[in-house]
Amino acid sequence: MAERRGPDRWFFDIWSRFYDAPLVQRLTYRPEHDAVLRGLRGAGSGQVLDVACGTGLLATRMRRELGARVVGCDFSRGMLAQAAQQRRADALVQGSALALPLAPGRFDAVVSTEAFHWFPDQAQALEEFFRVLAPGGRLLVSLVNPPLAVMGSVAHRVSRLVGEPARWPTRGQMRELFEAAGFHVESQQLVFRVPATLILPSVLTIGSRPA
Ligand SMILES: C[S@@+](CC[C@H](N)C(=O)[O-])C[C@H]1O[C@@H](n2cnc3c(N)ncnc32)[C@H](O)[C@@H]1O
């Protein structure tokens, strides 16, 4: 059971205070947000759920650039407080990715950026994403996918040692997780980030719930 322990919420509550710093965003998160926006563009975004939305920077861009109606969900009150203050989503809900407090079949797309590695049971999170998507709906998940499984294992051990356990699947493992949850994998795209791309590449995996 200890293996399934996730990171602590206070860790993200503190992080939320520095999260929107322009340099942090430019180097780390914005390239993934850009990739998600490209992935959604043209496919008709409609109702979108941003799981582990943080301070809502991607949510606000999906509303502005795609005209989507966006619900943001996160388990950190600190992150949600920042998102609420700036009115970055149409609605915000506090909840875990493993038990989304949302009705089935409600969304045209579910997105999640730089958060999937924190989910203590990734298969369960994917089941939840599948449940809240309408048939034909799309799932876009972006995070670092180490090139070798051994790199993921070492990173997991280090994260446990510092008390904030995380799991980074390889690109192949990500595909397997998607398929095991019932998704059809449409594509997997490298997200270019300076300077981390070569050693720790971010990958956007796009899948769809069969119609
Ligand atoms: C690095 S931030 C990414 C935020 C946002 N997706 C972005 O790209 O800017 C990770 C977020 O995941 C959230 N998080 C981590 N584990 C979670 C869980 N089990 N359920 C919901 N949110 C979670 C944290 O609170 C934090 O806001």
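Before counting anything, I noted that a residue is buried when its relative accessible area is under 20%, exposed when it is over 50%, and partly exposed in between, using a 1.4 Å probe and protein chains only. With that cut-off, I found that 50% of the 211 residues of the protein chain count as buried.

I also wrote down that this is a predicted model, in which local features need pLDDT of at least 70 and side-chain atom pairs count only at pLDDT 80 or more, while totals for chains, interfaces and linings use all residues. Residues are numbered from 1 along each chain as its sequence is written, and side-chain values use heavy atoms, with hydrogens and water left out.

Entry on the overall build. I looked up the secondary structure, where helices (H or I, at least four residues) and strands (E, at least two) are DSSP runs numbered from the N terminus, and I found seven helices and seven strands. Their order along the sequence is α-α-β-α-β-α-β-β-α-β-α-α-β-β. The radius of gyration is 16 Å, close to the 17 Å from the globule rule for 211 residues, so the chain is as compact as a globular protein of that length. For this I noted that the radius is taken over C-alpha atoms and that the rule is 2.2 Å times the number of residues to the power 0.38.

Entry on the interior. A nonpolar core is a set of buried Ala, Val, Leu, Ile, Met, Phe, Trp, Tyr and Cys residues joined through side-chain atoms within 4.5 Å. The largest one has 26 residues, and Leu49, Val110, Phe119, Phe129 and Leu139 have the most contacts inside it. Among the elements that give it two or more residues are strand E1 (47-51), strand E4 (107-113) and helix H5 (122-132). A second, separate core of 18 residues includes Val36, Leu66, Ala109 and Ile206.

Entry on single residues. Which residues does Phe119 touch, not counting those up to four places away in sequence? Taking contact as heavy atoms within 4.5 Å, I listed Val51, Ala52, Ala97, Leu98, Ser112, Ala125, Phe129 and Arg167.

Is Glu114 buried or exposed? Glu114 sits in the loop between E4 and H5, and at 15% relative accessibility this residue counts as buried. Leaving aside neighbours within four places in sequence, Glu114 has contacts that include Tyr29, Glu32 and Arg193.

Finally, I looked up Ala84 in helix H4 (residues 77-85), and at 43% relative accessibility Ala84 counts as partly exposed.
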